[in-house]
Every structure is written in structure tokens, then in C-alpha cells.
Amino acid sequence: MFRTKSIDKLISESEQPENALKKTLGPVSLTALGIGAVIGSGIFTVIGTAIGGNPAALADWRASPVIDLILHHGHIAGRPGAGPALALSLLLVAVVCCFTGLCYAELASMIPIAGSAYTYTYATLGELIAWIIGWDLILEYAFSNMSVSVGFAAHFVDLLDWLGVPMSPKWLSPAYLPQGLTDLAGNTIYAPGWHFGFNIPAFLIVILLTVVLVRGIRESARTNNIMVLIKLAAILVFIGVGLHFIHPSYYHPFSPNGWSGMLAGGSIIFFTYIGFDSVSTASEECRNAQRDVPIGIIATLVICTTLYIAVSLVLTGLVPWRSVIGDAAPVVNALRRLTLASPNTLLHWTRLIVLLGAIIGMISSILVFQLGQARIWFAMSRDRLLPDTFSRLHPRFRTPAFATWFAGVLVAIPAGLFDVGTLAELSNIGTLFAFVLVSAGVIVLRKKQPERRRGFRVPFGPLFPILSIVFCILLMAGLPVLTWLRFFVWLVIGLFVYVLYSRKRSEFYTD
């Protein structure tokens, strides 16, 4: 169970004709894939949850961040938001992602194979740990895309509102709404809890993009490149126009929930940086992975962090930070609130531009996350830890068609049922756990195979990987206890699957 797989064998198996993926991606497409995941998944959607938190009427230890239970020996009512101090949370996230992104870059330059953290762990920490991280990545990608799909649906509803098209909220909102649903005037549409309905836009967008992904990585990458350019333009328009309408009083207090709120805000938005993982997951389809993957990862970090901080500062200056609580479309709705308060032609058309950019941003994020998730299923199947059908390639498009469709259905149905906050928190803990193991993998390979050629090396020896591990664990402590419990339940289920099925199919298995 703790045998590692030879890096040379991993590479040779990936080059066998029946398993070989097309190598069509360059550094620009890889950077666009990373930006497509990081920007669309958080900057238009989860940023509101990070700013406002998930408040609750009653104090409950299960909904309290782990760090509060440790430091204060007590629980609080819900998870606190960062408020305007989210900009500082994002600086912390950027530091962590810098350390982790460098670790990803070193491993990807050595092991240019689909599967990302799963494959790296198989080559460094052994099969059992690789299975755990692979099982974790399935959770991470699935819940990331569910939350983004819900965000897409919220923006789609805003577009219908801008066009003046009335639609029943029953088929445009999740069936489970922990905060309920109200209009901008504060009128209750649905009380907190379950209601009869289904988020049809969230379901349909996942299915449509699954069809695109089955057709091929080149077509998907070209589509993503165009969408990334459009949404970057929309973000710059929001920042440029929003600067003229900022209320400095909204920045006071700057950190309403102190260190706990800042840490929780960083923890909740951290999953958006799964874009690093998406870049490395596509490394097997790169023309020159040793050069292009590090470029894609580092460029993604610099561009996305700059834009995130700028948007968070503008957003919290436009509206009171509490107004974005439970909002799956906070950026667009902030412009909508301003337009209703004081009708303005510039704001009216800016809202449309940002709205269209956000919708396209959501689509590009879903595209990249679904690409990454299908490649995880594919890699685990190729290693015989999952059924062979997941690694079968489409005879014409040379894509893992069954794995792609399976991942699509797995995401589409829950996306119609649950809210963005619940889904994002589960994805976060999976992302951070994956980053911890990737960072550990760099240290292990430096010790075990110091002579192996590395297209990129993390500077300062083991210091940066160690700092990455420490900071990731710190951010994990900002997540609620219930999220930890759900995560452990998922891992226990995965261990049962491994012991009862996957271990017996492994090439290392002996009776």
C-alpha cells in the first residue's frame, strides 16, 4: 500500500498509444486555463461569501471555525466574514499560493502526467496516500464546479432581470437555501431550508460544457482563451467605473471580525486557486511541459491575485459588507443596488458588461474544472485503481469520454439542489489538503531522487514547501468543524472503496 510508482514508468505508460493524450497546449493556453479557473470561480461568486460570512441565529460548535474553538475555547454563531479586510486575506492567500504554486511547478516539470497531485503523490508518498489524495481531488473538483454552477445561475437570473424577462424563482434557485431567498427590497421569496424547486440553469450549463469537453482539449482550450479575454475586460470595466462610486465610510470598520474573520475569508475563497491544479492536470497535453507548466502556474498567480485584491477593495467600497451575505452574484448585484438607489446610465450599461463577463467567466471556470476532474478519473483508472472504463478514450476525439460524462452528471444534479456557501466550503478543505501533500512531495523527491532533472526548482531548499504546509494547515483551521467532519466521512468512504476494490486491482497487490 505504500509502494511508490516509478516516475519513468508513469511517463512511459502515458506514452502508450492506447492511453496517449494529444499534446496541443502551450504556455498561453495553460495560463488561460489557470486564469479561467481562478478568476471565474471566485471573483464573481464566492467573494461575497468570503466578505459576508455565513451567519447563524444560534451559536453552534459545528458551524464554528476550528481556530475559534482552539483559541477561544468556545463556539460562535456561524462563520464570520472578513468584511473589507478580505484584501488582507487575499494577500495571505497569495503568499500561500506562491509557496504552493512553486511546489506544483517543480513536480509538474518532473512528472508531466495527467492526474496532478494524485500522480505526484503516487510517485513520492505511495499508493495509499495517492488514493487518498485522488479521492480528495474528486471531492475538490466536483464541489468547486457545483459552487461555480450555482454562481452562473445567479448571474443568469440577473441577466433575465436586466432584459425584463420574468421567470419563476422555483426553477432558477437551489432547492436548499440555508439563508432563504429575498429580493433586493428585502421581501422574502423563500424561507430558510428546503423548498420545491431545481436550479435548471446550473444543471444545463454543466451538461452543455461536458459535450464541449468530449470533443477535445484543443477545442476546449480555444474556447476558454476567448472567454478569459472577455471576462478580464469586464473585470477591468468594473474596477474602472466602480472607483468613481466608492463610499469611504464603508471601509469602517475595516476588519469587523478581526483575525478570525480574515482567516475565515481567506479559507473560503482559497478553493478558487485550484486553478494551479488545473494547469498541472493538463500537463500531459502540453507540447513542452517542463517549460510551459511553471510559466502557466506563476503567471496565473500574479494576474489573478492582483485582480482579486482590486475587485475586493472596490466591491466593499460600493456597498456595505453585510449586504453581500448569501449572495451568489455579489459584484453584479452591487451595481444593481447602486442603479436602483440612483438611476445612472453609466451604471446601467456597466452592469450589463460586467454581467456578461461574469457569465462567460463562470462558463470558463466550469470548463476548466470539468476538464481537471475528468483527468483525475482517467489517471486513477489508468493505474487500475478505478474501473477501466474511466480510462477508455473516444476513438475519434482521443478524450476520456466516459470519465467526462460521469463527471458532468456527478456535478450537474447537486448543482441544482444546493447553495453556493455549502458547496464552496467542502471544496476548500479538499484543495488545501491536496496542497499540503504536493508540498510534502517536493521534500520527499528532493531526498529520494536529488539527481533527477528538474525543469524548475523551488528556491531556498525545503523552506518554501514547509511554509506552504504550515500556511495551508492554518487556512484549514479557518473552516467550520462541520466541514472537517464531512471531509473525514468522505475520506473514510474512500478508504473502504480502496480496501475492498482498488487495492486488489493494483499492480502492487499480492495475496
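Start by selecting phenylalanine 487, which sits in helix H17 of this predicted model. At 2% relative accessibility, phenylalanine 487 is buried, because the cut-off for that class is under 20%. Phenylalanine 487 and leucine 139 lie 348 residues apart in sequence, yet their C-alpha atoms are 8.8 Å apart in space.

Stay on helix H17 and go to arginine 505. The helix covers residues 481–505. The side chain of arginine 505 meets that of aspartate 388 in a salt bridge, at 2.7 Å from N to O. This pair joins distant parts of the chain, 117 residues apart: aspartate 388 is in the loop between helix H13 (345–382) and helix H14 (401–415). Are the two partners buried or partly exposed? Arginine 505 has a relative accessible area of 16% and is therefore buried. Aspartate 388 has a relative accessible area of 35%, so it is partly exposed.

Zoom out for a moment to take in the whole protein. Its secondary structure consists of 17 helices and six strands. Of its 511 residues, 61% are buried. The exposed surface comes to about 18700 Å², and carbon and sulfur atoms contribute 69% of that area. Among contacts between residues at least 6 apart in sequence, 83% connect residues at least 24 apart.

How many salt bridges does the structure hold? There are four. For another of them, select arginine 446 and glutamate 106, whose side chains come together at 2.8 Å, N to O. Arginine 446 belongs to helix H15 (residues 420–448) and glutamate 106 to helix H4 (residues 86–110), so the bridge links distant parts of the chain, 340 residues apart. Both arginine 446 and glutamate 106 are buried.

Next, select arginine 336 and aspartate 158. They form a salt bridge in which the closest N and O atoms are 3.5 Å apart. Here too the pair links distant parts of the chain: arginine 336 is in helix H12 (residues 330–341), aspartate 158 is in helix H6 (residues 127–163), and 178 residues separate them. Aspartate 158 is buried, because its relative accessibility is 3%. Asp158, Arg336 and Arg351 are connected in a network of salt bridges.

Now display helices H7 and H13. Helix H7 spans residues 200–215, and its axis runs 10 Å from that of H13. The two pack at an angle of about 60 degrees, so H7 and H13 are oblique to each other. The crossing of H7 past H13 is right-handed.

The last stop is helix H5, residues 117–124. Is this helix enclosed or exposed? Eight of its eight residues are buried, so H5 is largely enclosed by the rest of the structure. To go through them in order, select Ala117, Tyr118, Thr119, Tyr120, Thr121, Tyr122, Ala123 and Thr124. Then step just past the end of H5 to glycine 126, which takes a positive phi of about 105 degrees.

Note on methods. Residues are numbered from 1 along each chain as its sequence is written. This is a predicted model: local features need pLDDT of at least 70, side-chain atom pairs count only at pLDDT 80 or more; totals for chains, interfaces and linings use all residues. Side-chain values use heavy atoms; hydrogens and water are left out. Helices (H or I, at least four residues) and strands (E, at least two) are DSSP runs, numbered from the N terminus. Buried means under 20% relative accessible area, exposed over 50%, partly exposed in between (1.4 Å probe, protein chains only). Contact means heavy atoms within 4.5 Å. Accessible areas come from the Shrake-Rupley method with a 1.4 Å probe; for residues, only the protein chains shown count as cover. Axes are lines fitted to C-alpha atoms, for helices over the stretch in contact, and angles run from 0 to 180 degrees between N-to-C directions. Angles under 35 degrees count as roughly parallel, over 145 as roughly antiparallel, 65 to 115 as roughly perpendicular and the rest as oblique. A crossing is left-handed if the near helix is turned anticlockwise from the far one by less than a right angle, and right-handed if clockwise.
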